[in-house]
Amino acid sequence: MAPVIVIEVLDERGQVRSRTRLTSFPATAGRGYDSHIMLDDPYVDARHLRFVEAADGRVVAEDAGSVNGTWLLGRRTAAADERVERAPLAPGTELRIGRTVLRVRLPDEPVPPALVDGTRSPAPSLAPPPPAARGRRLTPARVTAGVTAAAYAAFALSAYESTVDRAATPAVLFEPLAYVTLFALWAGVWALANRATWHRFNFAAHLAIVMAAGAVAMLLVEGVQWLEYLSPDTGVVSLVAIAAALALAAGLLAAHLSLASAAPRRRRWRRAVAVTATLAVVLGVIGVASDDEFDYELADPGELKPASGRWARTVDMGAFLAEAEKLRARTDSLVTVPARAPEADSAAAETAGASALPHEKKSRQRGHR
Amino acid sequence: MTTGYVTRAPVAGGSIRSSVGAGEHCCPQLVPRRAAGRARRAQPTRGPHVLPDRQFGPRRRSAPCRTLGRAAALAATLSALALATVPRDARAQQRQGTTADVFRRFADRTLRIQVTEAGSAAKASVGTGFYVDAEGHVLTNYHVVAQLVTAPGRYRAEVAGPDGAAAPLTVAALDVVHDLALLAAPRPGPAFFQLGRAEVPRGARLYALGHPRDLGLSIVEGTYNGLLEHTLYPKIHFTGSLNPGMSGGPALDEDGAVVGVNVSTGGDGLSFLVPVAYATDLLDRARGARFRPASDLLGDVARQLRDYQAAYVAPLFAPGTPTVSLGAFTVPTTPAPFFRCWADAKRTAGQPYELVDHRCSTDDEVYVSAEQSSGVVEVRHRVLTSTRLDASQFAALHSREFEGDGEGPFGSDDEVTAFKCETRNVRLKAVEAGGHSAAPAAGERRLRVQLCVRRYRKLERLYDAVLRAAPLGTGVDAPRRVGLVTTLTMSGVTFESVQQLTRRYLERVSWHR
């Protein structure tokens with residue numbers, strides 16, 4: 001009995017684009033119209049691959065002298081790919097021809113149950129919902145709506161707890177609304193990108209992603225403030241906070257890209273991390289550059305949190321003054337004495353007249369009597 | 001003191017910059033309180049020393065101010081004309097006779113000091129000075145010649161000689177704390193004032209000589225009104241109209257004895273003189289055997305400021321100095337007699353909290369340069385009370401007040417570095433029972449403390465510092481949540497003083513539940 005196999009054609013992101021059932025051999029795959037499996041990949045030959053039945057009854061793929069060859073995919077890395085002339089096929093075998101990946105399946109490969117189409121179902125029937133639907137209440141639309149609503153509630157609560165003035169009510173209404181508007185703009189930009197790649201906007205999903213990221217950022221700020229409240233001197237806190245913020249930013253970008261980009265997962269993450277790192281470097285350079293600017297600003301003394309202070313890490317007065325001693329060296333280091341010295345000398349001569357010069361050394365000695 | 005001070009006192013916002021000195025430039029009293037606060041914020045200079053007549057620079061008056069000034073000048077001219085043309089009685093005539101006599105006898109002992117910008121050879125400011133010995137020493141205010149000290153090489157001081165040619169003046173000795181400078185002129189004056197320790201009764205008539213607004217030597221009559229009480233060192237309260245340009249001129253009694261040196265004005269005929277005793281001391285010091293002409297003037301200034309701060313810092317916040325109870329909190333107040341305190345409470349209808357603002361400040365400051373004053377200490381307590389906010393909201397309010405406007409006292413990049421800060425939670429030992437705090441805090445006290453320090457660039461070993469503290473955990477107890485933010489601002493102090501004041505100050509802050 002002739003073997004029957006199924007060839008799946010995968011796109012660049014590893015999604016199945018088409019499936020072809022092969023029942024008679026030899027069969028062909030290529031860009032030509034006479035192929036059994038027709039591929040729209042410009043890197044694929046018109047007649048690229050041939051499927052033949054071997055003497056032992058197994059199906060073997062043979063390269064038909066193609067320009068770019070046939071590759072047996074490695075398990076882990078692209079570097080492990082192996083160029084082959086002949087490859088015996090087994091379920092799960094993946095071959096790359098051109099930029100297309102073919103995967104071998106058997107006809108008895110299981111598939112997940114069909115999703116319940118809640119939005120287009122006919123009039124509600126009296127019959128109980130099918131058992132499969134009961135376990136699948138978390139449709140993407142519901143997750144999106146839930147995440148968005150939870151994030152909105154978090155923004156509103158935060159606004160309420162930080163408003164202390166009479167005009168509290170409008171602030172509680174409008175502050176989260178301002179956030180959501182901003183996030184919707186962001187999600188809109190991603191939706192346009194999504195549309196350019198996949199011919200659909202996916203706006204709600206993008207909005208859910210950015211709302212979730214916003215809520216996480218808020219929690220992050222809150223957590224850092226609490227850590228600072230309990231121990232305002234830990235430089236580690238700010239390092240952790242910066243690392244967490246960067247990770248969040250990279251995660252946000254990667255999540256958007258997973259919807260809007262055709263690149264494989266590894267490349268999407270690499271791009272997200274690269275953009276975040278570039279952003280961090282630019283901000284860091286700006287921060288360092290503006291650190292030298294003179295102002296009379298005092299550093300932020302940190303948030304005071306609604307807690308008794310019993311758990312706060314404290315130092316005694318002596319230890320605090322010992323820490324404060326560092327400020328002397330830090331401010332002294334800002335005064336560049338050598339730069340001023342020549343000016344001061346010429347100035348002294350100018351002010352006190354030429355006769356002052358011989359006295360200069362003596363008067364310096366006199367300086368600390 | 002006059003009521004003028006009291007009404008001017010509590011200006012909203014700001015720390016040192018809003019302190020009320022013994023005098024002001026002419027504008028702030030003429031505008032409403034809030035606007036005055038804003039004006040000061042916008043204009044980094046402050047201080048009483050308006051008397052050198054500067055055409056340029058930050059002391060230039062604003063347009064409305066100039067208009068008012070013109071109107072006042074016109075009014076003054078008109079009334080002077082009226083007085084001059086219609087003498088009321090013989091006594092007035094006699095008085096004018098004395099004034100004319102004083103002017104005739106002593107005018108030649110004063111001189112007009114012009115500070116010239118070296119690059120453009122243009123007039124930067126004008127003040128007055130007077131000869132004090134036969135060797136050609138001239139006494140004036142430090143602030144008249146401050147630019148020679150703080151921006152050396154860029155300015156020179158000149159006096160017009162008899163032939164009209166400008167002759168250079170050099171700085172021989174300084175007393176920055178009392179705002180005096182001794183200059184050396186190239187040749188002795190035609191005559192000089194013998195300095196002593198003049199004692200005159202309150203109400204005695206004094207005659208101030210000077211070059212108001214560089215309009216030529218003028219004589220101003222006024223009365224001696226005793227010494228100011230709320231200053232660290234005494235200043236003479238002179239009721240007479242001193243104007244910019246008269247700085248450094250002598251104020252004489254009818255016999256021509258120098259009683260004081262013109263130094264600043266509070267406007268409306270309220271003026272201040274440096275008592276002659278300090279001038280005598282400076283001259284004696286300059287004549288002493290060990291004296292050599294100062295070649296490191298900034299070093300002298302720094303040393304004098306360090307000695308000065310050591311004297312006034314010593315008693316501040318020491319055990320036994322006054323405290324005040326503001327709600328649940330006991331905090332230091334009136335650290336020394338030369339401090340003055342004000343308080344204000346803000347209870348706005350509908351606002352879910354109330355704020356009591358208590359502040360004390362030295363009434364006096366030491367002029368270092370147009371952009372820098374020293375020797376100001378300010379204490380500020382803000383007490384928050386609320387029964388309507390929840391714990392989180394109260395903490396948000398407390399944080400907002402703690403961070404405040406996030407600004408320290410003004411300063412310029414030329415004079416001071418940026419602030420550097422350390423923030424910690426500090427625990428203090430429990431307060432001993434006693435005092436007027438009914439129930440002392442059980443256990444130790446915990447506060448968030450931030451100390452910010454900046455250094456003077458040109459003056460060795462002098463710093464400005466801002467200490468801010470807020471007790472932890474006072475806002476969690478419902479229904480009555482309380483919170484304190486207390487700030488101590490110090491300027492022109494040594495680092496040792498910063499540490500000493502920080503310790504003493506915080507040890508005098510306590511509260512009960």
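**Exercise 1.** State what share of chain A counts as buried.
Solution. Chain A has 369 residues, and 22% of them count as buried. Buried means 20 or more other C-beta atoms within 10 Å of the residue's own, with C-beta atoms placed from the backbone. This is a predicted model: local features need pLDDT of at least 70, side-chain atom pairs count only at pLDDT 80 or more, and totals for chains, interfaces and linings use all residues. Residues are numbered from 1 along each chain as its sequence is written, and chains are lettered from A in the order in which they are written.

**Exercise 2.** Locate the domains of chain A.
Solution. Domain 1 covers 5-105 and domain 2 covers 140-290. The bounds come from an automatic or database domain assignment. Next, take the C-alpha centres of the two domains: they lie 42 Å apart.

**Exercise 3.** Describe the side of chain B that touches chain A.
Solution. Start with the counts: 71 residues of chain B are in contact with 59 of chain A. Contact means C-beta atoms, placed from the backbone, within 7 Å. Then find the main contributor: α8(B) gives the largest share, eleven residues. Helices are DSSP runs (H or I, at least four residues), and strands are too (E, at least two), numbered from the N terminus.

**Exercise 4.** Find how strand β12 of chain A is joined to β21(B).
Solution. β12 spans residues 315-316 of chain A. Strands pair if DSSP finds at least two bridges between them. Finally, pick out D316(A): it stands opposite R427(B) in β21(B).

Notes. A residue is buried if 20 or more other C-beta atoms lie within 10 Å of its own, exposed if 12 or fewer, and partly exposed in between; C-beta atoms are placed from the backbone. Two residues are in contact if their C-beta atoms, placed from the backbone, lie within 7 Å.
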